[in-house]
Amino acid sequence: MTTQAAEATPMSPMTRARAILGGSAGNLVEWYDWFAYAAFSIYFAKVFFPDGDQTAQFMKTAAVFAVGFLARPVGAWLMGLYADRAGRRAALTLAVGLMSLGSLIIAITPGFDQIGAAAPAILLAARVLQGLSVGGEYGASATYMSEMAGKKRRGFWSSFQYVTLIMGQLVAALVLVILQNTLEPAELSAWGWRIPFFIGAALAVVVFWIRSGLEESQSYTNAKAAGAPKANTLAMFTEHPREALAIIGLTAAGSLAFYAYTTYMLKFLTNTTGFSKEVAGAVNLATLVGFMLIQPLFGWMSDRLGRRRMLVFAFSVGAVIAWPIFTLVAGATDPVVAFLLIFAALVVQSAYTSISAVVKAELFPTHVRALGVALPYALGNAVFGGTAEFVALWFKSIGMESGFYIYLAGMMAMGALIALALRDSGKHSRILED
């Protein structure tokens with residue numbers, strides 16, 4: 001495999017950029033569809049769950065959100081195996097099709113008043129379908145983009161995986177702000193919330209066309225030509241247990257912080273800080289723009305400073321600031337102050353998010369890379385990232401909201417310890433191709 005990699009024709013900068021951007025386009029749509037649920041749940045919560053007060057309705061939609069996360073390990077497992085056996089491109093194309101189908105189902109499902117308990121049941125089924133899709137999407141796209149990035153600038157180029165992830169959430173937030181300013185609140189609650197899901201479904205045709213024209217990565221082609229063994233789930237855990245456990249731990253802390261400061265923060269700003277939905281949406285949108293733009297900067301820094309240093313900084317500082325950030329945002333009266341506080345936390349988080357894909361991909365050999373990235377990531381994300389909103393709202397419902405701040409700080413401290421024990425993947429990368 002090393003000889004083949006050395007003899008392979010070097011990839012031109014234009015070809016590399018086209019591959020990265022092509023893979024990113026589908027990633028954007030995948031995550032737009034995923035986050036549209038979180039962004040618009042403040043409006044459709046009572047459509048599917050009419051009983052109880054606002055906090056109770058939010059908790060029920062958050063629980064469905066969490067169930068979608070629980071489906072992600074299954075999707076990661078199946079799509080990871082598929083990507084390692086059939087190719088990255090095939091898995092990427094299949095994943096976006098499943099996501100768009102789930103989005104279309106949500107868009108056309110009647111509410112509780114029309115079909116009763118079937119409405120939340122269908123909503124749950126659609127989220128499971130989307131969970132299967134996203135579970136496979138992350139591993140396939142993170143692996144593909146890391147393999148296509150090139151050794152010298154792998155941190156920089158692979159950071160666009162998270163750029164498009166954030167951009168998907170950003171587009172969902174932007175659609176939210178646009179609809180809030182063009183529709184009456186009653187219209188948005190009655191039917192306007194369905195529009196973003198129709199948008200996500202419609203984008204499927206464009207993304208399918210883009211991904212079907214992508215080049216396969218040299219890493220996968222070389223491994224297949226060299227007769228590498230087929231991906232095996234048990235072997236992945238038994239032969240690479242340290243790497244798998246490290247990914248689970250880093251993902252648990254990193255995804256918890258990510259969802260705490262992005263999707264849950266939208267509800268926190270309305271339910272705790274007291275801002276209107278429109279102001280909360282604008283603050284959330286502004287923080288996401290800044291968060292997205294700084295990802296390549298931190299990816300570039302990792303190519304020079306090392307991945308391990310970046311991870312230690314992100315998690316250790318993240319543990320220290322968790323309590324102060326949430327406490328100060330809770331008492332904020334000025335939206336600008338709230339923005340600055342949240343953005344400061346996301347700047348620290350960027351030292352992890354910008355390199356989360358490449359760190360995982362560099363830990364595994366080619367024949368099990370997509371599965372090794374996807375499954376441990378999905379397990380950590382499902383248990384901790386997917387339940388972030390529900391846990392936070394539960395603490396609030398029992399009158400101990402600050403308990404969530406402690407929980408977040410503790411998880412970030414755990415992530416710092418894991419990062420300290422991890423070898424620098426940039427210096428010991430298992431991606432052989434330049």
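In the predicted model, R307 is buried, its relative accessible area being 4%. The side chain of R307 meets that of D303 in a salt bridge, with an N to O distance of 3.0 Å.

A second pairing links K396 and E401, whose closest N and O atoms are 3.7 Å apart. Here K396 is partly exposed, with a relative accessible area of 24%, whereas E401 is buried at 15%. Salt bridges with shared partners also join D84, R88, E147 and R369 into one network. Within this network, R369 pairs with E147, and the closest N and O atoms of the two residues are separated by 2.7 Å. In total, the model contains 7 salt bridges.

R88, another member of the network, lies in helix α4, which comprises 21 residues (88-108). From its first C-alpha to its last, α4 reaches 31 Å, close to the 30 Å expected at 1.5 Å a residue. R88 is one of the buried residues of α4. The buried set of this helix also includes A91, L92, T93, A95, V96 and M99, together with S100, G102, S103, I106 and A107.

Terms used. Residues are numbered from 1 along each chain as its sequence is written. This is a predicted model: local features need pLDDT of at least 70, side-chain atom pairs count only at pLDDT 80 or more; totals for chains, interfaces and linings use all residues. Side-chain values use heavy atoms; hydrogens and water are left out. Helices (H or I, at least four residues) and strands (E, at least two) are DSSP runs, numbered from the N terminus. The expected span of a helix is 1.5 Å times one less than its number of residues. Buried means under 20% relative accessible area, exposed over 50%, partly exposed in between (1.4 Å probe, protein chains only). A salt bridge is a side-chain nitrogen of Lys or Arg within 4 Å of a carboxyl oxygen of Asp or Glu.
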